[in-house]
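Please look over the sequence and the model shown here before reading the report on its helix contacts and cavities.

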Amino acid sequence: MTKLHQKLRTQERALAAHAHVDAVPLAAGAPARLRATGTWAEREVAALHRRLVLAQAADPEAPGATGATGATATSVRWATAGGHEASDQTAATATATATATATAAGRALAERLARPGPDHRDRDRLTDTIAVLDRRADDPGFVAGFYDRLGPTGLAVLLHHLFDPAGPARARPAQAAEVLGRGLATYSRVRVLSDAWLGRFSRQGRAGQVETSLLGPLLGHGQFSPQLLERLGALMFGTARGPLRDVGLLTGPRGGMRSGPWSARAAHREYSATLLRAIAAEPRLAPSFASRHLPHLLHASRLVTELPKGLRPPGDSWSEALEPARAALVAAAGGAAAQRASPAAARQFVVRLVEMGAAGPPGRISPHLRAAYGQVLHVWRDDLHAAITSPLPPDRSRPDAPGLGLAAGQWAALLRESLRGGASAPLLAADAITAAARIEEQAWLGTGGYNRPEAGHYPASPRTLAYHQANEIVAFFGTALIDAAEAELRDHAAALEQHRRRTAVLLDILAETAKSIDVTSLVRTLVNLGTGLTVEIVEDRVRRATATLPTERSRAVLAALRVGLRILPGWQEQYRASVTQLWRHRGSSPLRPVRVDAGGGTTRVYTGDPRADGYVTGPADDFLGPGNEPIAVEAMTPRQRSAYGAWLASPAIVANNDRLPSVLGAPPADVVPSWGPDWARPRSPGDRGLE
């Protein structure tokens, strides 16, 4: 509606010019009616905005839903001659009146709260304010009046007064946080909380110093504006442009913080975690925000896993307590909700995640982040499997190409990291097995009846490529599983060796201590024996605990599994070359058609010719060059690549390819050179009319 209103204003200005009016035949009064319609649209935009916010507040199960259809209680009716009907004017006037009244009531409530007095925000006054705001926290007009009057500095003072652990008003902090959070969330969608607003969000009103920790109790309630969440996230990660600085919570006499610096740090960590989860809950914001800050998210996980606390960078954004929230953001950025709400941004995030996972520095990451990797791989499983099975090389210029334009080896690095966490292994294994079974089932459905008795023999089954693709998926996952398990065994062995060395040093110290005891009396002898026995007990326990570990059976299972798995690196290039050779020699060795059941009692014949079989329908998808051979894959357009990939897997091409046993490692077929039923024998040019 806003865009339409802007167009109306543009057209109004254009048509109001005398030259345009003379050049275009218009009915009398058309510019005036257009101007009146624009005025009506301007009022209606405000009314629709208010109804939309109310509808969203009444439907908490659908955050971010654009339920404008259900929110609009009155219909939009146009009059061909009069602009709009009187009922619309009445509704718009009533809406404007209601909004003004609500705004005035909100300002009055904030005025009463801010009014100085002997009690100065006593508990009763705060309780009454929260109760009134609770009833109207979803009313945009009321909330706008309340927070406009309160202002960012007044809000900061109020929040500190309510949530300071040493403050007098912590009687019902949970209810206050919920009510103020809902109200501020509504306010953030009615007003633009810009850098100027944030720059005054501190108790002292110091320009540029933002006491973000005060928002911690509020961010978990309500649907906050993505623009506000993005600004706060940039402040937290230190990537915000401009003079604003995230100070967390000011301490000391001037800051008035009575709970001490350690409580201030804890409050900021809590705020940071809540902010990351609020961003993760916004599917339109999470992928783009996580893409911008992905290096920090991954690096932080490695630091908190590998480095002692004293060696980690300062700042709450590196805190180990934030790791679950960081992982939740990664999972949400590549999750199903983000994929639906913002497909391009989610796709870009996953591409960057896979690339950084494959090329990132070595090091362990947290179990939380590994579980998040597994959730992302589960959502994008079709693209993962397409990277494994596509006969085409990766297309780096197109993120929407098979496998998102990424190589299978890049996906493998992310898969291995996820499997090392263990939590995602059953889910991803089920994905692989299901995908393999689905490929085989589709091959059976698409080539049913090809091997009927009168069909004779083909150099290969038209299902051979599908069988190989299914095997590639299973082998790919199995190999990643083995690599992950063996990496864990290597880490365990290294840790065990280090533990043994420490134990040996400890035993030497204890033994030397036992020997140094002077045994000149019975008491000292007993002490010596007791100390010696203690050393023996410690030595025996340590040796029994570290001598043998239950890894032999696991190693045997992994070794047997690796023997049973076979991945053919580079099979795609070899397969494409074999098809080119097959197509090049079709004159001397004609391709044998493949007849399959098409359902409903009908059959379809695949000839191997991309034009005759419908893979090439015109110049846009024609991948054959001047010599009637496939052009270089790198020079193909997206439509040409798609048609070429489908042709490579077509039944006639696969069935006639006698190089498959060597290219894909398939068992040789029983080839009968003189094969050919009547319907499939080559015909002379004069017989074409009989088809």
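## Basis of the model

This is a predicted model, in which local features need pLDDT of at least 70 and side-chain atom pairs count only at pLDDT 80 or more, while totals for chains, interfaces and linings use all residues. Residues are numbered from 1 along each chain as its sequence is written, and side-chain values use heavy atoms, with hydrogens and water left out.

## Helix 15 and helix 18

Helix 15 (residues 323–333) and helix 18 (residues 367–379) pack at an angle of about 10 degrees, and their axes lie 8 Å apart. Helices here are DSSP runs (H or I, at least four residues), numbered from the N terminus, and axes are lines fitted to C-alpha atoms over the stretch in contact, with angles from 0 to 180 degrees between N-to-C directions. Helix 15 is therefore roughly parallel to helix 18, a term for angles under 35 degrees.

In this contact (heavy atoms within 4.5 Å), Glu323, Pro324, Ala327, Val330 and Ala331 of helix 15 meet His368, Leu369, Ala372, Gln375 and Val376 of helix 18.

## Helix 19 and helix 21

On the side of helix 19, the contact involves Arg381, Asp382, His385 and Thr389, which meet Asp431, Ala432, Ala435, Arg438 and Ile439 in helix 21.

## The largest cavity

The structure holds two cavities of 30 Å³ or more, where a cavity is a set of points on a 1 Å grid over the protein atoms alone at which a 1.4 Å probe fits but cannot get out. The largest has a volume (the space filled by probe spheres set on the points) of about 70 Å³.

Its lining residues (those with an atom within 4 Å of a point) include Arg381, His385, Asp431 and Ala432. Helix 19 gives the most to this lining, with four residues.

Key
Helix = DSSP H or I, 4+ residues; strand = E, 2+ residues; numbered from the N terminus. 1 Å grid on protein atoms, 1.4 Å probe; cavity = no way out; pocket = protein on both sides within 12 Å on 5 of 7 lines; lining within 4 Å. Parallel < 35°, antiparallel > 145°, perpendicular 65-115°, else oblique.
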